[in-house]
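Dear colleague,

Please find the structure below, together with a short account of what was found in it. I would be grateful if you would read the notes with the structure open.

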Amino acid sequence: KNMARPGRLLVWHPFTPAWRSQPVELVGDYDGYYWQKAYDMTIALGKVPIVTDDVPCFAADQIFEIYCLVCAWLVEKRVATVAQVNAIADKYIGGSGAFNVLNITAGNKIIGFCADMMRAQYGEYWTVPPLLLQQGSQPWDLSGDTSCDEATERTIRDQLMAAIVGRAIWLVDNNVISATDLDWLCKNALGFKFGPVTRFNE
């Protein structure tokens with residue numbers, strides 16, 4: 001806010017692995033010269049620019065954040081084990097399961113940081129489970145039996161679907177991102193098996 005020329009400030013947010021992942025969230029002065037240059041450069045690099053409004057954690061990370069938080073709360077509340085939650089998350093949501101992604105990214109240190117921003121902006125729903133903070137960058141143990149009874153599986157599925165689809169609709173309703181772009185982003189940046197807006201419409 002104190003920049004002499006704020007129109008020159010842009011966010012170019014790629015996804016892991018950045019060298020091959022196509023989506024890039026592009027945030028900035030959408031009518032500005034530099035934004036158009038960044039948009040054109042993104043396409044020239046073989047990436048797909050996704051226009052996103054300047055909100056905490058942008059669009060994809062809000063979805064990924066709530067995915068991880070709900071998975072951790074399900075374990076914290078002893079609904080199921082880490083291995084069970086991860087397996088069911090991968091079965092219904094995709095992306096190899098939230099805990100596996102956290103293992104790949106060494107705990108994904110932005111989780112706590114983003115959740116704090118989200119909680120300050122949007123309320124206590126975004127509180128980080130103590131278990132997630134305790135785990136830090138240590139790998140989650142995904143070994144053990146992944147099977148569980150039908151009722152538990154349904155609870156995990158429904159909690160995750162409600163959180164992800166609910167946040168997706170909020171993002172679209174608040175003009176953070178278009179419905180089409182968000183569906184494509186979730187599938188191509190987060191590895192989801194479905195577009196959350198499409199799922200809501202179904």
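The lining of the largest pocket comprises eleven nonpolar residues, six polar residues and one charged residue. Please note that the model is predicted. The space in this pocket amounts to about 430 Å³. The lining has 18 residues, and those closest to the centre of the pocket are T16, V101, T105, N108 and A189. At least two lining residues come from each of β1, α2 (60-76) and α4 (98-104); the largest share, three residues, is supplied by α2.

T16, one of the residues closest to the pocket centre, is joined to P17 by a cis peptide bond with omega of about -10°. P17 itself is located in the loop between β1 and β2 (23-27). In general, most peptide bonds are trans, and most residues other than glycine have a negative phi.

C57 is buried because its relative accessible area is 6%, under the 20% cut-off. F58, at 17%, is buried as well.

W12 belongs to strand β1 (residues 11-14) and counts as partly exposed because its relative accessibility is 32%.

With kind regards

Terms used: Residues numbered from 1 in each chain as written. Predicted model: local features only at pLDDT ≥ 70, side-chain atom pairs only at ≥ 80, totals over all residues. Heavy atoms only, no water. Helix = DSSP H or I, 4+ residues; strand = E, 2+ residues; numbered from the N terminus. Buried < 20%, exposed > 50% of the residue type's maximum accessible area, 1.4 Å probe, protein only. 1 Å grid on protein atoms, 1.4 Å probe; cavity = no way out; pocket = protein on both sides within 12 Å on 5 of 7 lines; lining within 4 Å. Points joined across faces, edges and corners; volume = space filled by probe spheres on them. Nonpolar A, V, L, I, M, F, W, Y, C, P; charged D, E, K, R; others polar.
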